[in-house]
Every structure is written in C-alpha cells, then in structure tokens.
Amino acid sequence: MPEGDLELTSPLVDVPGISERLARDLSTLGLRAVGQLVAHLPHRHEREEPEAPIAELEPETTVSARGEITACRLAGFGKRARFEAVLHDGTGRLDLVWFNAPYLRGKLHPGEHIRVQGKAKRFKSGIQIANPRFEVIDPDDEGSAEVEARLRPVYPASERVSSRAIELAVQRILPIALPLIDDHLPEALRKERNLPELREAYRAQHAPSDEDEVAASRRRLAYDELLLMQLGVAMKRHHLRDTQRAPALRSSDAVHRRIRDRLPFELTKAQSRVVGELTDDLTRDVPTNRMIQGDVGSGKTMVALYAMLLAVESGHQAAMMAPTEILAEQHFESISSTLGGDGPRVELLTGAASDADRASILRGLASGEIDLLIGTHALLTESVVFKSLAVAIIDEQHRFGVHQRSLLRSKGESGGQDGEGLTPHVVVMTATPIPRTLSLTLFGDLDVSTIDQLPPGRQPIETATATPDDRGEVYARVRSAIEAGDQAYVVVPAIDANDEIGLVGVREITHELETRLLDGVRIATVHGRLKRATREHIMERFRRGLIDVLVATTVIEVGVDVPNATVMVVEQADRFGLAQLHQLRGRVGRGSKPSWCCLVSDPKTPDGAERLRVLTESRDGFRIAERDFELRGPGEIFGARQSGIPPFRVADLAKDTDLLILARRDAQDWVNHSPTLSNPNEQILRRRVLKTHGTWIGLGDVG
Ligand code: ADP
Ligand code: MG
C-alpha cells in the first residue's frame, strides 16, 4: 500500500518496510494496526553513550564501544559463577565481566560482534567494564554505530520480538502515523496546562531528544488518561443529578422514633451521624449516590436497615445486595428476626431459589406486597421488577464490579405507577476504605460517609504470625480455646489442593485436623461449591455452637457474624491480599471475649511474610488498605478488573495524585459547561471517552 493511503487502523503488514514475518511477530503482542504500534509505549528509556574506539575509553566514565569477542570463559561455580570476555576492536583490548551470570555461556561466543555500554574501570594495564549492557550486532552494519548520545526507548517485548525490533518498526511508521493523530484537547487548555500536542507527545516517547521531553510527554499522556476517565465520571454524575429524579422520602421525629424502636441496639454516635447524613440525602428528590465506609464490625448493616425502613415508611420498597449467598442469607436471617413477624415483609432472592419461590417473589415485588428484598447479584436479573424501589443498598461494594451500581439503579425506572420514571437512591457499603486517590477516580461520583467507631464492648484482636513448623502449637491453642467453650475458623486458600503451585485445600487441611491436630473436636467445612441448603445447615449449626471449628475458604470473608467465634487460623496467609485478611480477621472479635488471629505462612517467601507484619501491627483498616494498594495496585483490590475498568497505561494512581486532582477539576469544569460533550469541536474527545469508559461507567444513557 502506498504510504499516503495508510491510516491508523491500517494493518501493519500493509506498511512498506514491515515484513510479513515482523508483522506476525508484532501481532503476538497484540499489535496489529499502525495506531496500536504507536500506542505501544516504551516502559523506560536508556541513555545511550556515543561509541568510542577502545583505546580512547576514559576510566570512571560511562562508555560505549563495539568489537569482536576474542575469548570468553566461565569462572567459578553454580549460580554465582562469573562470565568473562575479552573484546577487541583493532585499537585495543577491553575486558568484560558479568557477575552471577552463568547463563551467558550459552549466549556469547568468540567471533561474535557485540556493542557494550557501562562504567569503565582501570583494570591491570587496560580497561574493564563490569556488568555491561550488551547487544549482539552485525559486524557489517557499520551504519548504526552511535555517534551521539541519545535516549533509547525500551519497549515491553517478548521472547519472539525484541525491544530493538519493536523500536525499528516504530521508527519506520512514526513519520506516517504522527500526522494522522488528532488532538482531542483544545489548544487553549493545552497551553494553560503546559502540555505538548498529542502527536508531539507520542513522538517524544518513541524518539526523545532528552529527558525533559520524555517527562513532558509522559505528563501529557497520563493527564489524558486521567482526564478521559474523570470526564466519564463527571458526565455520569451530571446526568444523574440533573436529569434523573428519585423518590423524596418523608422523615419526621415520629418516623425516626418508629424506625429506632425496631432496631435492637442504641445506635452508636457514628452510626447516628451517618443516619443523619443519609436521611438528608434520601429526603431529597436528587438520586443519592453515597458510600458508607466503616471498618469491619462497625455496624453498617444497622445503618442500611435504617435507610431501607425509611423507604418503607414512605410506602416504597428497598433492596440490599450482598456479594455471597452466605452473607445474603445471614442478612436475611438477622433482618427478619430484628423486624419480627408484624413488620415489613422481607424476602430473600439468590441464584439458589427454586423456580416456584422465585416466581412468587417476583410477583410480590411487582405488586408491592414485598417491602424489602435481600439478595445476591441474582436481583440484578432483568425479570426482577419492583413496584417502586426507592432505596438500593450494595453491601461490601469492593467485592462487586463498579458497574453493578448502575444496573441496580436501573431497577427503579421500570416500576409501576408509583415508580414511574424514578431512579432509586443508591447506597454502597464497604469495609475496605478507599485510598484517597482511588476514591477520586473509580468512585469520583460518590459522596462518602464514614462510621469511625465500633459498637461498645469490643475486645481487641491479638494478631500473630507463625510458620508451618509452629502449627502444632497453633492448633494446641485452638484446642484450648474450644475447651473453654469458644469456636474457631480455619481459613484455607482453595477448595482443592494444587500441588503444582503448592496450594493447600479445604479437604486435606480438614483431614489433617480431624486425624491429628484437632482430633475429637467437632469440625465442619464450608466453601462455594456446597449446595445452599447444606451450607445454610452448617452455618446454622456453627451459629448454634454445635460445630467447634469451621474450615472454610474465603466464602466467610465478608459479613459472617458469630460472636462466640474467637479464634481464626489462616493457612498459607501469604496467598491473600492484606485487605482481604483484614476482612477475614473481622470474623472474630465480634463478641465480648478477647480474640486471636494467627496467620500461618512459609518463611520461604520473605516478601509475603513481611507483608503480613502490617496486619500484626495495625487494626486500622484504612492503613492496611493503603498498604495493600501500594503493594498490589488498585485492580486487585476493588474488583476493577472484573468490572472492565481499563487499566491505566501511563498514569500511576499512587504517584500522579497532583495530576489526578488537576484532571478531575478540569473534567468537572468542562462538564459544567458542556454536560454531554456534544459541541462539534468535542467530537473526538467524546468518542474517546465513550470508547474507553462508556461501558463500565454506564454512559449508555448519557446524552
Ligand atoms: P459491619 O459494619 O462489619 O457490616 P455489622 O453490621 O455486621 O458490621 O455489625 C457488627 C456487629 O455489631 C453485629 O453483631 C451487630 O449486631 C452489632 N452492632 C451493630 N450496631 C450496634 C450497636 N449500635 N450497638 C451494639 N452492637 C451493634
Ligand atoms: Mg457487613
């Protein structure tokens, strides 16, 4: 294809100078079109020194030279062996040494020509470079000798395609592709924010002339990523606030008293404050979009129940969605028993419901006979239609993807006469406090309330770490707690053991406990593969104290509330995230007795063991979440991956906080002036926002 006809969407094979074979290799990295290759950014840049003849190399400087390997050998043994080579270029001799590098024996051979770069040192009568970077070169290829210092891009590469090959392909297409890149930012904003043009930013990433250019182009591309996301979030927020209406619930002292009389406890100060904030929201006709964060055990359910009862007091319905069946079942049990037989009608809907039960629940919801619905994501199914859903609660939000929120919100719109055209108030709850940067991005459209106080009478949880060698003592302590009348959880990372990756399973641990470590103790297991009836039966027996030890997978991670359980052992604790362990630990310490949580892990993974120390030192869910975020990144923690939030390629949420705040402010200003980005000069921008963020944010209905 002639170069002039190429577009960003053109296949790389069509580019003159890119061979079919190279195009095929690039496609293994997902790079098929011209635009994709331009967007394949280097993950770092290396400084390339100009080459000099060996005789002219200066000691104590970073140098670069090329020549032929005239001798090489491996010295020493095993992994620590060092590889030595001698390089000649006709002007002199250069000694090279790589420490701990036995693998080089198969890579470098006498007769080969290489180019090396590194710090020159005086050595015997000549010069030596230790651990130089090197590259095997074609001795006939005189032309590519580097004569000037430059920054060379280093690309994410694979066994099949080297960074160098990618670099050459990029250099080939750059002159064709750059003019095709349209900027979506107006020049005025770019100038004001001191950002280079988009095509200039790509140019500078792939072929920078200095570090400043790299930094400036990175800033532009990171800003873009953050701005696009923030625009999406701001558009959604604007759409909700300005075009959607929610039922304004009635509240009064009498209503407040009636609801409080139904609750089994005096609310804590923090709960009361959050109830107040929620009441303010719910009594307005602007759709509420609030996150309630409160550490494990802070009593979020009570606050949620209050909001649901407020909906019922005004003649509407409410729903609460939990991430697991166990938790939904437990909420159902505790809410039903709290409300008693004469209260509002509560039903449970999970994927495990029989067809008949399900049909009857659907009828009750549509007719309005059912006031409160508790369930799993099963209540997001299309056939679930409410007469008038006013309050929708998502418990343990971090276990859901982000877009479930908009699905649940859509449940109010198709309602009967009462709910016509109305959208429910949405309240999400989480015990995993959201690090600030993240709450600004993923949850940028949420207001936040915090329950920063635990109900009275809580005992601290002592947290310890142990190694597999200590398990005898660990379980001896479990046994004595059981003899004193307490109960215990043993958490295992998987249902089935997997020897290949060294994972223990529920079955083998249970067997070991039954036959050896805890023989004579009443042990049962729960995990996600059990039938609902079986699981319910086991949980019920555990609650009633008929089972001493529950061996479980993370199905018990959230919500489960058995105050008499005071001991938890987590096997292979290094397999879990910190925030997850904090949640798990929250299953104990729920009664008036002191509790103990022991994290067992193999010290062979020092990083893992070090990580666990954070938990022994802190009970502060916020600190733990921040640490987890630093260690594992946002996707892992907040279900971002499942929810389809595109990962950032350039921006780094942990480091680009200032840029994020800037982008957020710019996005908000922008959307205030142009809520749907429908001006003619906003078309490229709008297309890019929708393409990247339309799905997970749920922008389908915006403008
Ligand atoms: P979480 O915030 O982790 O969801 P829960 O709502 O499960 O916490 O509450 C934890 C425990 O505290 C439950 O046993 C609940 O009954 C109890 N609880 C909640 N609020 C109060 C209160 N105001 N006073 C005493 N106990 C409370
Ligand atoms: Mg809870």
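Modeller: W98 is buried, at a relative accessible area of 6%; buried means under 20%, exposed over 50% and partly exposed in between, with a 1.4 Å probe and protein chains only. The model is predicted, so local features need pLDDT of at least 70 and side-chain atom pairs count only at pLDDT 80 or more, while totals for chains, interfaces and linings use all residues. Residues are numbered from 1 along each chain as its sequence is written, chains are lettered from A and ligands numbered from 1 in the order in which they are written, and side-chain values use heavy atoms, with hydrogens and water left out.

The structure holds three aromatic pairs. Rings of Phe, Tyr and Trp (its six-membered ring) pair if their centres lie within 6.5 Å; planes under 30 degrees apart are stacked, over 60 edge-to-face, the rest tilted. One of the pairs joins F83 and W98. This pair is tilted, 6.1 Å centre to centre, with 50 degrees between the planes. F83 sits in strand β3 (residues 82–88) and W98 in strand β4 (residues 93–98), so the pair ties together parts 15 residues apart in sequence. Strands are DSSP runs (E, at least two residues), numbered from the N terminus. F83 is buried too.

W98 also pairs with F134, edge-to-face. Their centres are 5.6 Å apart and their planes are at 75 degrees. F134 belongs to strand β7 (residues 133–137), so this pair links parts 36 residues apart in sequence. F134 is partly exposed, at 29% relative accessibility. Together, F83, W98 and F134 make one aromatic cluster.

Definitions and conventions: Helices (H or I, at least four residues) and strands (E, at least two) are DSSP runs, numbered from the N terminus.
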